[in-house]
Amino acid sequence: MIELETRELEYFIAVADELHFGRAAVRLSIAQPALSKAIRRIETRLGVQLFIRSSRHVELTPAGKALREHGRHALNAVGAAVQEARRAGAVQAHLRLVLKPGGDAGLLSGILAEYAHQPDARRVDILFSGPVDRTDFLRDGRADVGLLYVPFDDLDGMAHETLHTEDRVVIVPSGHRLAGRASVLMSDLEGETLPRGKGIPEGDGTGPEVADVTQTLQMIAVGRMVGVLPRSLVETVPAGLVCVPVTDAPPSRLVLAWNEQDRRPVVASFVAAALRTRRRGNTGLRG
């Protein structure tokens, strides 16, 4: 017997993510007392305590951590099942491609042009996402294919093909001690403040948490940190900033990814078009 409904699992995941009932209620667009009652009903039904609550903070118990991990996969699976059913019933469904703004290394227009020549080509809808959730789009079926950056994006459960390999650069203010260097090593960055946040290069840093490249550049410009990025993400560096190659930083790879369980011909056709574009343009790629 299924002991939790999908909506209840969504309530739990929201609180587990936010660790704050008020913020979770806003995220879910429900009243906080109703959310608190729903969580208590879940705990009663399962016979375990999911959260340790106090007047100052909310913390997951071991049972709560387990439910968060497996519950997220369950929600993704339900979402994917719904999307697959809709796809099966829509013969002329569009192909959906997810990427971060500017995150195509200049390859997207060529790939789309090549794909458009295929006899089975469909219209491609372009979806833009934040720095941390592109693989979620692929896992839950909101997107069919995605342009991801390795090692920054999680490829677990994804099939993928590398389209572009490039070096990484550090962005610093023009008055920074490293601004005049022709290149630097990772060791030269010791003591520097780097951004925080999953999906952000050097995301284990101690600096501000940023959501995208634009925010990263803004925080560098005001002297709050420096940032290490794939070169293609910073083709044009704003005035007042300097781009310096980091010679020993692990290279980044732009990959075309899709759910490894997705074997539809429309996805295979798009992947094949991307690979043909890659081969023809290989001599012009940077990295």
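Colleague: In what order do the three strands of the open sheet stand, and is the pairing parallel or antiparallel?

Modeller: In this predicted model, the order is 8-7-9, and the pairing is antiparallel. Neighbouring strands are turned by 35° against each other on average, with direction ignored.

Colleague: What makes strand 8 (227–230) and strand 9 (241–246) edge strands?

Modeller: Each has a single partner strand, so one side of each is left without a neighbour in the sheet.

Colleague: How do you know that strand 7 (residues 168–173) and strand 8 are paired?

Modeller: Pairing requires at least two bridges, and four bridges join strand 7 to strand 8; the two therefore count as paired. Within this antiparallel arrangement, Arg168 stands opposite Pro230 in strand 8.

Colleague: Which helix lies across strand 7, strand 8 and strand 9?

Modeller: That is helix 7 (residues 213–221), which runs at about 40° to strand 7.

Colleague: Why are helix 2 and helix 3 called roughly perpendicular?

Modeller: The axes of helix 2 (residues 21–28) and helix 3 (residues 32–46) cross at roughly 105° and come within 9 Å. Angles of 65 to 115 degrees count as roughly perpendicular, and helix 2 and helix 3 are therefore described in that way.

Colleague: Which residues make the contact?

Modeller: Helix 2 contributes Phe21, Gly22, Ala24, Ala25 and Leu28, while helix 3 contributes Gln32, Leu35, Ser36 and Ile39.

Note on methods:
Residues numbered from 1 in each chain as written. Predicted model: local features only at pLDDT ≥ 70, side-chain atom pairs only at ≥ 80, totals over all residues. Heavy atoms only, no water. Axes fitted to C-alpha atoms, helices over the stretch in contact; angles between N-to-C directions. Parallel < 35°, antiparallel > 145°, perpendicular 65-115°, else oblique. Contact = heavy atoms within 4.5 Å.
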